[in-house]
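Here is a friendly walk through a protein model, written for someone who likes to look at strands, helices and cores one at a time. Please keep the 3D view open as you read.

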Amino acid sequence: MMNIGLDVGSTTIKCVVLDENEKICFQSYERHFSQITEKMTALLTKLKNEVVKNNPVQLAISGSAGMGIAEECNYPFVQEVYATRIATAKRIPEADVIIELGGEDAKILFVTNGMEVRMNGSCAGGTGAFIDQMSTLLNVTPEELNHLAQEHQKIYTIASRCGVFAKSDVQPLLNQGARKSDIAASIFNAVANQTIAGLAQGREIKGNIVYLGGPLTFLSELRKSFNTALNVTGIFPENSLYFVALGTAYSCKDNIDLDHAIGNIKNYTQSGNFLSIPPLFNSTEEFEAFEQRHKKAVAKRGSITTYIGDAYLGIDAGSTTIKAVLIGSENQILDELYQSNSGDPIPIINQYLINLYEQYPNLNIKCSAVTGYGEDLLKHAFGLDYGIVETIAHYTAAKTFLPDVDFIIDIGGQDMKCFKVRNNTIDNIFLNEACSSGCGSFLQTFANTLGYDIIDFARKGLFAKRPVDLGSRCTVFMNSSVKQAQKDGATTEDISAGLSVSVVKNAIYKVIRAASPDELGKHIVVQGGTFLNDAVLRVFEEEMGVHVIRPDIAGLMGAYGAAVYAKEHNRSKGNMLNIQKLKAFSHHVKMVTCSLCNNHCKLTVNQFNDSRKFIGGNRCDKPIKQHTSIDIPNMYETKLKTLLNYTPIPGPRGKIGLPMGMNMYEMLPFWHAFFTSLGFEVVTSPLSNRDVYIKGQHTIPSDTVCYPAKLMHGHVYSLLNEGVTTIFYPCLTYNFDEGLSDNHYNCPVVAYYPEVISANVPELEGHIFINDYLGVHRKKDFPQKIHGVLNKYFDGISLKEIKTAAEKAYAEYERYFETIRKQGDAIIEQAEANQKPIIVLCGRPYHLDPEINHGIDKIITSLGAYIVTEDVISSRVAKLNTTVLNQWTYHARLYAAAEYICNKPQYNLVQLVSFGCGIDSITTDEVRSILENNGKIYTQIKIDEITNQGAVKIRLRSLFATLEQ
Amino acid sequence: MAELVYDETGRLLFTKEMKEEYTILCPTMIDIHFRVVLEIMKSFGYKAELLNTASPNIAQEGLKYVHNDTCYPALLVIGQFLDALNSGKYDINKVALIITQTGGGCRASNYIHLLRKALIRANYPQVPVISLNLNGMEKNPGFSMNIPFLRKMISGLYYGDVLMQLKNNIEPYEDNKGETKNMVDKWISLLSKQLSKGEGLSKAQFTHNAKEIVKNFAAIPVHRTPKVKVGIVGEIYVKYAPIANNDLEKFLASQDCEVCVPGIVNFILYNIDNRLEDIRLYGGNSIKYQINKILLDYLLSLQGIMIKAFQDYPELLAPTGYYHVKKLVKNVIGYGNKMGEGWLLPAEILELVNAGYENIVCTQPFGCLPNHISGKGMIRKIKEVDGRANIVPIDYDPSATRVNQENRIKLMLSVAREKIET
């Protein structure tokens with residue numbers, strides 16, 4: 001008698017066969033490249049011939065990809081986590097907690113003291129697929145990644161919530177020259193943190209911990225990261241890959257006929273029941289006409305060997321590729337370079353330039369410009385003349401193809417940039433936010449997963465009969481959509497076409513938010529490497545119902561634009577390295593943490609051989625110039641300073657702690673005055689930083705809540721660690737009514753997060769945690785109500801005392817607002833006097849927290865603008881009529897601020913949006929329309945645990961470039 | 001043809017002429033209840049139609065016209081309307097839309113505004129939208145929410161709860177496939193007729209009807225085999241609407257489960273009680289308090305009648321009384337938590353666990369703000385209070401795949417089965 005357990009996962013098939021003594025007599029592990037039924041039948045046939053022979057046999061199936069087959073063919077299906085549990089109970093009975101990472105799943109099983117199982121939700125990518133993606137990004141295999149990590153010296157913060165986020169963290173590090181080994185270790189560290197943060201949810205991981213699954217089996221450094229994060233040494237059992245298959249084998253129940261099973265699975269007909277859209281082309285004629293039309297958009301070419309005259313160099317240091325174009329005096333392309341940057345663009349450009357000079361000794365590069373993520377670094381390394389923001393580069397290039405271009409969409413490897421052009425200036429910029437990167441590298445990753453190169457893969461899609469409709473979400477979701485489609489019988493062609501559709505839909509509906517072509521423009525240029533893919537181009541034209549221009553150099557437009565820009569501006573400083581210097585060129589990188597302010601930027605210091613130096617990763621000029629742009633008035637700094645003045649005043653009733661986050665950023669003056677008056681010593685938790693977050697992350701129950709809320713856990717721990725035994729963090733359904741809105745709610749998360757803290761932070765046990773519901777909006781009733789609440793916790797606080805305290809609290813709150821409005825007014829006056837641009841940097845009160853805003857305020861001041869906040873100007877307008885229900889106090893200020901600046905040329909608005917803020921899906925559209933209806937540019941910056949500084953800079957620099965024009 | 005009339009804020013009104021000429025489209029959500037409610041609307045002279053479309057195009061339309069980070073229910077409700085308007089089935093100059101509006105602090109209160117924005121972008125500026133709410137928001141000359149109307153509507157929902165509860169209780173065990181469903185249909189039509197005529201509203205008629213219904217259903221021959229008992233809770237739209245939850249009830253039935261979905265009555269009571277809680281917690285007008293208290297007491301007495309109708313049938317699970325449910329979360333979460341499903345969500349979990357439905361699917365739209373707190377945020381605490389609870393939270397969204405959702409539910413069911421076996 002033999003038991004076969006099959007674990008058909010998202011990327012692999014694992015098999016275990018047990019003999020009658022429950023000994024493993026066969027095991028195998030292979031990638032299935034989505035050829036699931038074929039691989040399964042082949043495997044079972046092999047078992048039949050080589051292992052089982054004529055023995056009676058039982059079969060059970062597990063794994064996400066095996067579910068459909070098991071059901072259809074009527075074999076027992078064992079849920080994979082459950083299978084793990086069965087196997088562990090038999091093999092490692094002493095286990096307390098099991099951590100298993102798979103291709104796309106992460107699981108934690110608590111075995112002892114009340115069994116519980118946790119599986120990652122739908123937005124959690126810290127898994128095998130994530131590690132694969134990261135390896136691709138670093139241009140190494142996962143095994144090499146592991147080797148690299150062994151030599152690491154330091155760990156960077158990388159968001160691991162999903163691959164897309166992490167990429168936008170890793171890429172800037174690469175571009176700034178961080179060491180690959182440090183990045184590799186940081187990736188593993190991020191996975192460990194993600195798993196613990198996402199799945200522990202308040203339950204401590206301790207005792208005997210077992211590591212299972214592919215990534216933890218193959219990657220020793222990943223295990224080390226878990227050991228470090230959990231402060232244990234986990235058990236790493238033999239057969240750690242096979243526990244699911246093993247548990248499945250243990251769960252077999254009935255004898256089966258193996259031949260019959262092989263037949264069944266072979267004939268397992270997929271439903272063919274997937275959502276599809278019409279084919280991209282109905283006939284070859286249609287395709288040819290399409291091809292002909294697009295062949296017309298070609299750039300001028302010239303021969304570098306015969307060319308005489310000045311040449312101009314443009315470089316585009318993109319996120320994954322590096323591009324260079326050399327042009328002549330008529331914009332004709334003399335030479336070009338397009339290749340993967342392999343994580344380090346410097347040697348590539350160095351070699352490219354050396355080759356150019358060696359091959360063409362007469363070449364005279366008159367002027368040069370660089371754009372893209374690596375702009376700063378390359379400009380400094382090679383002494384290039386101009387560094388320009390990408391939008392300007394792309395617009396410059398697009399104009400050479402279509403002088404009256406009014407809309408440009410560029411989809412590159414990692415990012416997407418779209419912008420409108422009005423009156424020859426860049427008007428409205430759309431960039432993909434950190435979570436929606438349906439871009440080129442995404443197609444590439446899928447092509448690789450399915451075993452194709454990107455060109456073949458894309459071509460396959462052109463003539464797909466039934467392109468599968470995959471929706472328009474992020475990569476993590478897309479993985480499972482693709483899996484589902486495969487399960488339902490979609491062909492590779494259908495999937496390829498479907499992915500192209502998804503890239504386009506993502507761009508149009510999510511990034512640009514256009515529902516019709518009228519919302520884009522009449523003269524559209526599409527570019528970026530991804531548009532070289534005909535399928536993507538076709539879908540874009542079909543979806544929008546327009547014909548567009550795709551230059552033949554779609555992938556080189558940034559570099560081409562930079563070259564044209566260099567030619568047009570043509571004021572060389574003559575710093576460009578010559579051949580001797582290029583040959584002698586070398587550089588090395590050192591990482592340091594800047595300690596000049598609260599942002600603690602991780603700086604990459606590039607030291608070049610000729611004793612020049614370049615510092616990257618900084619937000620402000622402090623580390624470079626030593627003196628600083630601090631003189632530029634910044635309401636974010638001013639407000640924060642004002643709040644920090646509320647320091648503890650010792651009192652007879654002892655300490656009461658306020659966690660310094662969320663609405664406490666505005667309520668602090670109120671509660672400080674209130675409790676100080678009552679004789680409490682009001683202490684606050686320190687300003688947020690990464691460590692504060694880590695302290696509390698294991699108690700966060702919902703991984704999709706906004707980062708400001710997540711930080712609250714750490715703040716409560718900070719207070720507890722400081723020995724504060726009374727913590728005050730009340731629920732506030734309502735905020736103050738500022739007369740700007742129909743109602744004056746707080747958002748659900750601000751209002752009720754204290755409940756989450758109370759329910760999920762076990763250490764609060766035995767301490768006083770006051771999270772009662774209070775109504776500060778009803779000044780008259782407030783004293784009596786809070787009297788009732790406080791008397792539950794303390795003896796002998798009289799109503800009279802409370803009434804006095806309340807009066808002081810309300811007065812202090814007023815005074816605080818008066819102060820900051822005065823401070824704001826002063827900034828505005830100064831800006832007006834000096835004729836400086838004013839940026840209204842708006843968001844929520846808690847966006848003052850440097851850990852939340854990631855120093856974006858400093859980036860803005862470093863660009864020369866004065867910063868005010870929305871609450872400084874919101875009181876200057878009356879309540880306005882919005883097209884949405886205006887019912888939240890904080891959000892009403894945004895509308896008011898937008899309204900206020902509408903007719904003021906000196907002002908512009910930048911809105912900070914925390915990832916996961918559902919309410920901002922409403923406010924952003926409304927603020928945008930208030931501004932755009934009045935001819936203003938709307939700029940939104942999404943922030944989370946991390947932020948993509950590169951994207952932020954592009955956005956802000958483009959805004960400023962436009963303002964200058 | 002009816003003239004387009006706007007109020008001072010620029011809102012397109014539903015006029016008296018429109019009432020004569022227009023068809024009002026009503027979105028899918030909770031099937032049994034809405035079918036009854038629709039008949040009641042008709043009896044007031046409205047031409048109304050309940051949308052029962054489920055095509056994948058619905059989500060696509062939603063994604064096209066609504067901010068993609070907006071919650072899934074908004075995408076679907078708006079997508080369903082646009083899909084209907086695009087279908088060619090309706091004269092787009094003679095059609096209106098109706099949508100509920102809660103007015104709470106959750107972004108759901110904004111659905112109606114997002115719908116109007118979407119209509120304008122999709123080139124249907126002429127289509128009026130009616131807000132159905134209990135707060136007196138957005139009045140329309142052609143749509144009067146007077147006391148008789150609301151009384152009938154609410155009665156319809158009460159009956160809906162009884163029917164839904166019985167259906168869930170009996171259908172998995174019925175001897176003759178389809179009998180329970182037929183019984184539901186029979187009663188929907190009977191009740192619709194009664195309510196249209198203004199019958200079935202008094203306490204006496206309520207008592208009579210409820211008893212008859214329970215008696216009728218109890219007479220359906222069943223064979224009770226042990227099944228895994230699963231409760232469904234969560235955000236109100238996702239929890240009920242099959243287009244939102246990927247046919248969750250059907251899937252659970254296919255896994256040999258008996259499902260219990262708490263009804264809508266307690267949600268209504270919760271909404272009214274919230275006004276009392278607000279006044280209790282923060283102070284306020286005592287007259288307003290008294291009026292709402294009277295309303296709440298009246299509605300509670302109707303609930304009492306409903307529950308009482310079950311008392312002779314211990315094999316059938318009666319709906320749980322509001323105050324009993326409320327008491328269950330006394331030490332779990334504060335009664336001030338009133339956005340979205342608020343404290344009612346963990347309360348319903350505990351209600352289900354107590355009634356033997358220990359296995360819970362907690363459904364929410366991806367990124368649902370209130371459920372960060374009252375759903376996922378409370379799971380740990382609930383397990384502390386009642387260790388029997390076996391809860392799986394599931395996020396729904398246009399691209400969350402069924403495979404992943406079902407896999408997680410299966411994990412929860414494996415644990416449930418193990419408990420049954422031991």
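The notes below cover the basis of the model, its sheets, its helix contacts, its nonpolar cores and a few loop residues.

## Basis of the model

This is a predicted model, in which local features need pLDDT of at least 70 and side-chain atom pairs count only at pLDDT 80 or more, while totals for chains, interfaces and linings use all residues. Residues are numbered from 1 along each chain as its sequence is written, chains are lettered from A and ligands numbered from 1 in the order in which they are written, and side-chain values use heavy atoms, with hydrogens and water left out.

Helices (H or I, at least four residues) and strands (E, at least two) are DSSP runs numbered from the N terminus. Two strands pair if DSSP finds at least two bridges between them.

## A sheet in chain A

Let us begin with an open sheet of four strands in chain A, ordered 28-27-29-30 and paired in parallel. Its edges are strand 28 (866-868) and strand 30 (938-943) of chain A, each of which pairs on one side only. On average, neighbouring strands of this sheet are turned by 30° against each other, direction ignored. Three bridges link strand 27 (residues 838-842) of chain A with strand 28 of chain A in the parallel sense, and A:Val840 faces A:Val868 across that pairing.

Two helices pack on this sheet. Helix 30 of chain A touches strand 27, strand 28 and strand 29 (907-914) of chain A, and its direction makes about 150° with that of strand 28 of chain A. Helix 34 (residues 889-901) of chain A touches strand 27 and strand 29 of chain A, at about 160° to the direction of strand 29 of chain A. Contact here means heavy atoms within 4.5 Å; axes are lines fitted to C-alpha atoms, for helices over the stretch in contact, and angles run from 0 to 180 degrees between N-to-C directions.

## A sheet in chain B

Chain B has an open sheet of four strands with the order 2-1-3-4 and parallel pairing. Strand 2 (47-50) and strand 4 (129-132) of chain B each have a single partner strand, so one side of each is left without a neighbour in the sheet. The twist averages 30° from one strand to the next.

Strand 3 (residues 95-100) of chain B runs parallel to strand 4 of chain B, joined by four bridges; in this pairing B:Ile99 is partnered by B:Ser131. Helix 4 (residues 72-86) of chain B lies across strand 1 (23-26) and strand 3 of chain B, at about 170° to strand 3 of chain B.

## Strand 9 of chain A

Strand 6 (residues 97-101) of chain A runs parallel to strand 9 of chain A through four bridges, and A:Ile98 stands opposite A:Val210.

## Crossing helices in chain A

Helix 15 (residues 390-401) and helix 21 (residues 557-569) of chain A pack at about 85°, with axes 7 Å apart. They are therefore roughly perpendicular (65 to 115 degrees; under 35 is roughly parallel, over 145 roughly antiparallel and the rest oblique). Among the residues in contact are A:Ile392 and A:Phe401 of helix 15 of chain A, and A:Met557 and A:Tyr565 of helix 21 of chain A.

Helix 17 (residues 454-462) and helix 19 (residues 492-512) of chain A pack at about 95°, with their axes 7 Å apart. This makes helix 17 of chain A roughly perpendicular to helix 19 of chain A. A:Phe457, A:Ala458, A:Lys460 and A:Gly461 meet A:Thr492, A:Glu493, A:Ser496, A:Ala497 and A:Leu499 there.

## Nonpolar cores

A nonpolar core is a set of buried Ala, Val, Leu, Ile, Met, Phe, Trp, Tyr and Cys residues joined through side-chain atoms within 4.5 Å. In the largest one, of 277 residues, A:Trp671, A:Phe674, A:Tyr753 and B:Leu252 touch the most other members. Helix 30 (residues 799-834) of chain A gives the largest share, 12 residues.

## Loop residues

A:Asn570 lies in the loop between helix 21 and helix 22 (579-584) of chain A, and its phi is near 45°, a positive value in a residue other than glycine. A:Asn570 is partly exposed, at 24% relative accessible area.

How values were computed
Buried < 20%, exposed > 50% of the residue type's maximum accessible area, 1.4 Å probe, protein only.
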